[in-house]
Amino acid sequence: MADPTPLLCQPNPSSDTLEQPPSPPPNKHHPSLGSTVELCIGEFNWSQFLQSVLVSVAWLFDAQQTFITVLTDAQPSWHCTSADNDCSAAATLCDLPREWWAWNGPAHASTVSEWGLECANSVISGLPASSFFVGCLVGGFGLASLADSSLGRKNMLFFSCLTMGITSLLATLSPNVWIYSALKFLCGFARATIGTSALVLATEIVGKRRRGQTSVIGFFFFTIGFLSLPVMAYVNRSSSWRNLYLWTSISTIIYCILVKVFVTESPRWLLVRGRTEEAVATLKCITSVTKSNLDLAINNMSHKEETWNVDLFSALRILLQKKWSSRRLFAIMAMGIGIGLVYYGMPLGLQNLSFNLYLGVTFNALSELPSALIVFFFIDNFNRRIALLLFTILSGVFSLLSIVEVKPWSNLQIGFELISFFSACSSFNIYLIYTTELFPTCVRNSALSMARLAVVLGGAFSPMLVSAGRANKFLCYGVFGLVIGFSGVYGIFLPETRGRALCDTMDEEESKENIASGMLA
């Protein structure tokens, strides 16, 4: 691997802070920034592959912190210590005197048993998980444009992972549910941009030919992170829940060190920001193209400067100011709400099915793997809009079938649920890749952050629907099916991006949009 030393060049103030006048259209003899970067990146090689893998490992830690409360905050099994028949007939332990029952394992195995939350109302018992998702919502909005403006992709990934690791480590010291919930909020706030930064950075250091497969690497690591939790929890079943946070936080902090030392910044983002020397140095690390050819290509390119000021929310403002970008953003977020409702809600809703909860969670985690494999091998053959429409409808249909209680269909509930969740996972994977292709480099991270924010917003409603579904399953899986089934329709209003080169500026993307509109007219 090339020299991993962090680059020390500072941005040019004139290009980062001052409003620039519109530049003239690019000369036909001078290639655009996007085509120049594609040329400079060259053929896919081991350096690009290793960079993409290292960046994508962040998804593993993302998955661990997303689903860790399923195990640390679960109510442990219990048994009667009284010979009274009323104990065995009791529906819940809250109907019994405290001296009539005991936990099967140590009290410190779960936050519920350690802090006596077994009979607390649903708001208190669900506060840590809810705080995490609220943190994701706030962080997704508050940090959305930092990777596009001041920090860049690499620094955003580094600081997000580091903050998530530190807050998870501090969670091991929580004395009560209130401090624990506050730390979960901070953890969710930091976690909000990890997947976004990792996905964007991994796709921007490779050419369009391998962009689809590179995007899916992170999904594999997310599945590994999800599956690692039951293994660690089983090993830790007789010890404190705090150990899970300890193990996952230390590994996350170690990963941050690797990111700081070995990961390079996106050359596309550096060029858009006017940091040409750093972009050339970064390209030298990941391509076999000679320095002289790199310099020649970059000097000959025609780069149209953006005509808007760069600050914290500039990327979001420019997305909403232009009609074509605001239309894309609203449509992609509408799809994300439906996909997120099912993606996060399905594992929570397993408690409403007549099936072993732990086996169900394991099967759900495993279903992420074939979803990632299908997208990995066939993403280049997928029409994005049609694939999203088909997978969302498939997920909706089988989610509705999951509520059927008539035999023999009731015995197939878990099978229907798994097909629905698998389809939601596939939709989610394609949705993220599609979003990165819809928006140019200068706002790509912000747009993807808003798309993931919509997914989390949909997921935030799922606990309430799962709770209501205990009395009426239609309010859980029925609503899940209807919402995701209709969400894919919004893709009809978006352009197809399969096989298309990534754009780097708003003007370049708008030019393609106008050409496409003219052809349709």
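Predicted model: local features only at pLDDT ≥ 70, side-chain atom pairs only at ≥ 80, totals over all residues.
Reader: Why is Leu246 called partly exposed?

Author: Leu246, whose place is in helix H14, has a relative accessibility of 31%.

Reader: What makes Leu246 part of a nonpolar patch on the surface?

Author: Leu246 is listed in the patch together with residues including Leu169, Val231, Trp247 and Phe262, and the patch has about 1,100 Å² of accessible area together.

Reader: Which elements give two or more residues to the nonpolar patch?

Author: They are helix H13 (211-235) and helix H14 (242-262), and the largest share, 8 residues, comes from H14.

Reader: What makes the contact between Glu204 and Arg153 a salt bridge?

Author: The side chains of Glu204 and Arg153 meet at 2.9 Å, N to O, and because a salt bridge asks for a side-chain nitrogen of Lys or Arg within 4 Å of a carboxyl oxygen of Asp or Glu, the pair qualifies as one. Glu204 belongs to helix H12 (residues 194-204) and Arg153 to helix H10 (residues 152-171), so that distant parts of the chain, 51 residues apart, are linked by this pair. Glu204 and Arg153 are both buried, a term that stands for under 20% relative accessible area.

Reader: How do you know that the pair of Arg328 and Glu509 ties together parts of the chain that are apart in sequence?

Author: The side chains of Arg328 and Glu509 meet in a salt bridge at 3.0 Å, N to O. Because Arg328 lies in helix H19 (residues 323-349) and Glu509 in helix H25 (residues 506-520), the pair ties together parts that are 181 residues apart in sequence. Arg328 is buried, as is Glu509.

Reader: Why does Phe185 count as partly exposed?

Author: Phe185, a residue of helix H11 (residues 177-191), has 28% relative accessibility and therefore counts as partly exposed, for buried would need under 20% and exposed over 50%. Leaving aside neighbours within four places in sequence, Phe185 is in contact with Ser131, Phe132, Val134, Gly135 and Val138. The C-alpha atoms of Phe185 and Val134 are separated by 6.7 Å, with the two residues 51 apart along the chain.

Terms used
Residues numbered from 1 in each chain as written. Heavy atoms only, no water. Patch = residues over 30% accessible without salt bridge, like charges linked within 9 Å, V, L, I, M, F, W, Y side chains within 5 Å. Areas by Shrake-Rupley, 256 points an atom, 1.4 Å probe, with all protein chains shown as cover. Helix = DSSP H or I, 4+ residues; strand = E, 2+ residues; numbered from the N terminus. Buried < 20%, exposed > 50% of the residue type's maximum accessible area, 1.4 Å probe, protein only. Contact = heavy atoms within 4.5 Å.
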